[in-house]
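Here are my notes on this structure, as numbered points. Please read them with the coordinates open.

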Amino acid sequence: MSNQTPMMKQYLKIKAEHKDAFLFFRLGDFYEMFYEDAVKAARELEITLTKRDSGQKEPIPMCGVPHHSASGYIKNLVDKGYKVAICEQVEDPKLAKGVVKREVVQLITPGTVMESNMLNEQDNNYIASLSHFQDGSHAIVYNDLSTGENKAAIVIGWDAVIHELYNQPIREIVISSKLPEEKQTELKDRLHVTLSYQDEVNFNAEYRYLCENLNDERLMKAFSRLLNYIQHTQKRSLDHLQKAEIIELKNHLALDMYSKRNLELTETILRKGKHGSLLWVLDQTATAMGSRMLKKWLERPLLNKVEIEKRLDIVDAFYSGFMERDALREALKSVYDMERLAGRISFGNVNGRDLVQLKKSLMQIPVLQSILQQFGQKQVTELAGQLKYPEHLVELLDSSLVEEPPISIKEGSLIKDGFHEQLDLYRDAARNGKQWISELEQKEKEATNIRSLKIGYNRVFGYYIEVTKANLHLLPEGRYERKQTLTNAERYVTPELKEKEQLILEAQEKSVDLEYKLFTEIREEIKEHIPLLQEIADTISHMDVLQSLATVSEKNNYKRPVFVDQKLRINNGRHPVIEQVMKDGSFVPNDVALDKEKNILLITGPNMSGKSTYMRQLALTAIMGQIGCFVPCDEAELFIFDQIFTRIGAADDLVSGQSTFMVEMLEANHALSHATENSLILLDEIGRGTSTYDGMALAQAIVEYIHNNIHAKTLFSTHYHELTALENSLPRLKNIHVRAEEYEGNVVFLHQIKEGAADESYGIHVAKLAELPEPLIERARTILEQLEGQDRPQPTKEKMETGQLSFFVDTKASSKKEKLQTHDHKVLEELKTLNLFEMTPLEAMNALYKLQKQAKA
Ligand code: ADP
Ligand code: MG
């Protein structure tokens with residue numbers, strides 16, 4: 001380093017403090033990167049890698065981005081999970097002695113972005129911190145810097161930590177560098193988040209008020225870790241941070257990480273988008289704040305019946321008051337994202353337009369209150385009462401800011417006339433000056449008789465009188481001073497004009513400066529009331545989510561559930577998402593019944609018949625009920641589940657792809673070791689990932705274990721037909737199946753759940769539906785016939801129990817029928833493919849002749 005230039009020495013020194021970030025090193029109009037940063041950034045950002053000749057043997061790799069367009073590049077890197085340290089020149093280069101002083105002014109990380117172009121308005125952007133303790137407990141704190149939200153929870157056991165963190169939309173986790181290496185790796189690999197380190201967990205007294213609700217030393221540690229990290233990276237005001245609230249995990253329905261994903265609560269597995277998820281169906285919110293809150297509700301459904309009923313009561317009132325609800329939605333649409341706005345006010349990056357939006361949002365409050373009153377329902381009236389109207393802020397904003405301020409806050413035209421005396425004086429001076437000038441123009445036109453004479457203004461020369469060359473002869477010699485010559489015109493000034501110009505410019509400059517000062521004062525005044533704004537935002541979000549649930553419930557004809565003990569009964573239940581996707585009303589409703597006597601349903605039926613749909617439908621219905629929404633059915637008596645576990649067999653688990661049998665078993669184990677008799681377990685075709693006997697033996701053992709030891713409400717779908725014999729040995733297990741019928745050689749799925757076991761395997765029919773080559777299908781049929789011809793042992797109860805299991809499913813002879821149909825079928829298929837509209841009558845005759853011949857053969 002000794003033979004580096006002084007600037008490179010400075011660079012290396014700063015870089016050493018920011019090893020895990022791209023260092024954007026400000027050099028004039030560019031942010032430059034060097035060495036490894038440059039090589040990596042050039043690749044990630046697809047920009048040119050150059051070299052800086054340092055006078056050493058090896059030139060230094062370098063690349064850069066223009067300062068004015070840096071935000072796009074920063075976003076790109078942060079989206080990929082990287083951190084960017086912004087290093088600015090912190091003294092005026094002209095005044096600098098030696099190398100200009102530079103400092104990192106902000107560290108932009110995935111969990112701390114504030115810029116609206118880097119945030120999705122409907123999603124929270126969480127950063128979390130984790131502290132681990134000797135007794136195996138962990139403290140987790142979440143923060144969304146854009147909204148100021150802080151939440152804290154104690155979690156027991158590492159496994160639970162992973163499940164908890166996985167279910168939240170976190171981008172970054174701050175941990176201790178002492179967290180064991182393998183745990184760090186697990187966080188990185190399973191959660192795909194950026195890891196950051198902060199070992200300083202001493203409490204900063206400045207933030208005492210944020211911790212009022214935290215009654216546990218461990219939570220304080222985790223929270224301090226987080227606050228120290230945020231302060232260290234952001235280096236600016238954090239006045240909008242809200243008091244941390246404790247999340248009592250035991251008060252919420254726990255969803256293991258597989259459930260949230262498999263049930264596609266907030267995003268679909270394949271596309272990763274909201275479209276097609278439960279959130280997509282339920283989200284009729286009118287504000288971005290409401291949309292974010294709905295997502296949080298879905299991630300943490302309730303357990304407390306009183307709280308659930310309270311939400312349902314309001315949903316119920318909103319449901320019936322159609323006109324009022326419509327008015328409510330309209331009013332909500334004019335409410336801006338006050339939650340994020342509060343954050344930006346605190347950070348000091350709001351403009352006039354933002355504050356006008358804030359005013360308009362606040363002005364909706366009396367409107368919202370009066371609409372809520374109209375429902376005439378107790379809880380709704382209470383909700384109206386919670387909503388406070390900060391009249392003084394509305395008055396301040398209304399008297400100060402013009403209705404349509406410019407984007408910039410440094411160029412004036414923000415503040416209304418009459419708001420500030422001195423500003424009015426400056427403005428008058430400027431206006432009078434301009435008036436004087438326009439009068440001068442008129443006067444000079446008349447005096448010189450030059451109609452095209454005009455007075456203009458530009459930044460370089462100020463005000464001037466312009467006369468076109470063609471009219472110069474009309475101008476008396478020496479009337480004005482010549483200032484500038486253009487191709488077609490001459491420009492002049494007069495001493496009086498210059499004098500007025502001076503006055504106008506001075507007044508304008510002063511008024512622009514004053515406006516900026518006034519604007520920041522207004523902003524600071526509003527900043528004092530951030531907690532109030534956040535409280536209002538919270539109440540409005542609540543209202544919005546509840547109206548959304550009511551709107552969806554009414555639109556999709558959902559029914560209010562009743563909560564009962566140890567029993568669950570759904571009459572004509574539907575899958576909330578598939579029903580919407582099918583739209584045409586062709587979704588087939590089904591009943592579900594579970595109670596103490598029968599708490600395991602073993603579901604059989606052909607592939608594609610609707611087993612998985614039926615199982616997920618139950619879980620989704622339970623979750624909807626527990627967030628306080630009506631549910632898709634004709635009638636529902638629901639049970640409040642404490643946890644939901646889902647495991648989709650490896651063969652069906654399209655996405656994880658790499659999903660091995662080991663993972664399948666690990667996940668099954670998670671359910672078995674945590675479920676209680678109040679839990680819901682969905683095991684969908686478990687055991688498929690290994691050889692048949694093995695898988696079936698395990699599947700059976702798992703069902704037995706749940707039946708005998710856990711007593712959880714369980715839905716278990718299987719293609720191992722032999723398992724249906726379990727009904728004889730397990731009293732609380734009941735067989736059901738999805739009905740399918742064979743019709744002229746094709747399988748027809750009725751998607752109807754019936755009691756008892758399914759009795760046919762429709763694999764070949766499904767293959768046919770998938771349009772596998774006809775010869776292949778025929779060959780499969782032949783093989784099946786041969787196999788059926790053999791004297792196969794039928795599975796019996798004894799055999800099941802000794803583990804001698806038969807591979808083949810008990811398909812009752814449908815083969816005779818099939819033999820006949822194969823041939824007819826081929827003719828039919830050909831007939832179907834004829835494109836009649838493109839045939840001449842003669843061609844049609846020929847084709848028909850051929851087909852008839854085949855049919856007779
Ligand atoms: P399985 O798990 O038995 O293989 P799925 O549950 O995956 O079958 O269902 C396959 C398809 O059948 C679904 O994608 C859906 O289009 C349709 N389906 C399932 N259940 C119903 C139903 N109740 N009504 C109408 N269509 C259904
Ligand atoms: Mg399935």
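1. Contact means heavy atoms within 4.5 Å. With that cut-off, Ser224 touches Glu200, Val201, Asn202 and Phe203, leaving aside residues up to four places away in sequence. Bear in mind throughout that this is a predicted model.

2. Where does Ser224 sit? Its place is in helix H6, residues 217–234. Is Ser224 buried or exposed? Its relative accessible area is 4%. Buried means under 20%, so Ser224 is buried.

3. His232 also belongs to a helix, namely H6. The relative accessible area of His232 is 41%. Exposed would need over 50%, and buried under 20%. His232 is therefore partly exposed.

4. Next, helix H5, residues 181–191. Which of its residues are buried? Gln184, Leu187 and Leu191 are. They span an arc of only 75 degrees around the axis, so they lie on the same side of H5. The background is simple: an α-helix has 3.6 residues a turn, so residues three or four places apart point the same way. Glu181 and Glu182 are exposed, on the other side of H5.

5. What do the buried residues of H5 pack against? The partners are strand E7 (126–132), helix H4 (158–166), strand E10 (170–175) and strand E11 (194–197). Check the backbone just after H5 as well: His192 takes a positive phi there, about 50 degrees.

6. Now a helix pair. Two packed helices are described by the angle between their axes and the distance between the axes. For helix H12 (residues 338–347) and helix H13 (residues 352–374), the angle is about 140 degrees and the axes are 11 Å apart. Angles over 145 degrees count as roughly antiparallel, and 65 to 115 as roughly perpendicular. H12 and H13 are therefore oblique to each other. The crossing of H12 past H13 is left-handed.

7. Which residues make the contact between H12 and H13? H12 supplies Met338, Leu341, Arg344 and Ile345. H13 supplies Asp354, Leu355, Leu358, Ser361 and Leu362. By class, this contact of H12 with H13 has six nonpolar, one polar and two charged residues.

Definitions and conventions. Residues numbered from 1 in each chain as written. Chains lettered and ligands numbered in written order. Predicted model: local features only at pLDDT ≥ 70, side-chain atom pairs only at ≥ 80, totals over all residues. Heavy atoms only, no water. Axes fitted to C-alpha atoms, helices over the stretch in contact; angles between N-to-C directions. Helix = DSSP H or I, 4+ residues; strand = E, 2+ residues; numbered from the N terminus. Parallel < 35°, antiparallel > 145°, perpendicular 65-115°, else oblique. Left-handed = near helix turned anticlockwise from the far one by under 90°. Nonpolar A, V, L, I, M, F, W, Y, C, P; charged D, E, K, R; others polar. Buried < 20%, exposed > 50% of the residue type's maximum accessible area, 1.4 Å probe, protein only. Arc of directions from axis to C-beta.
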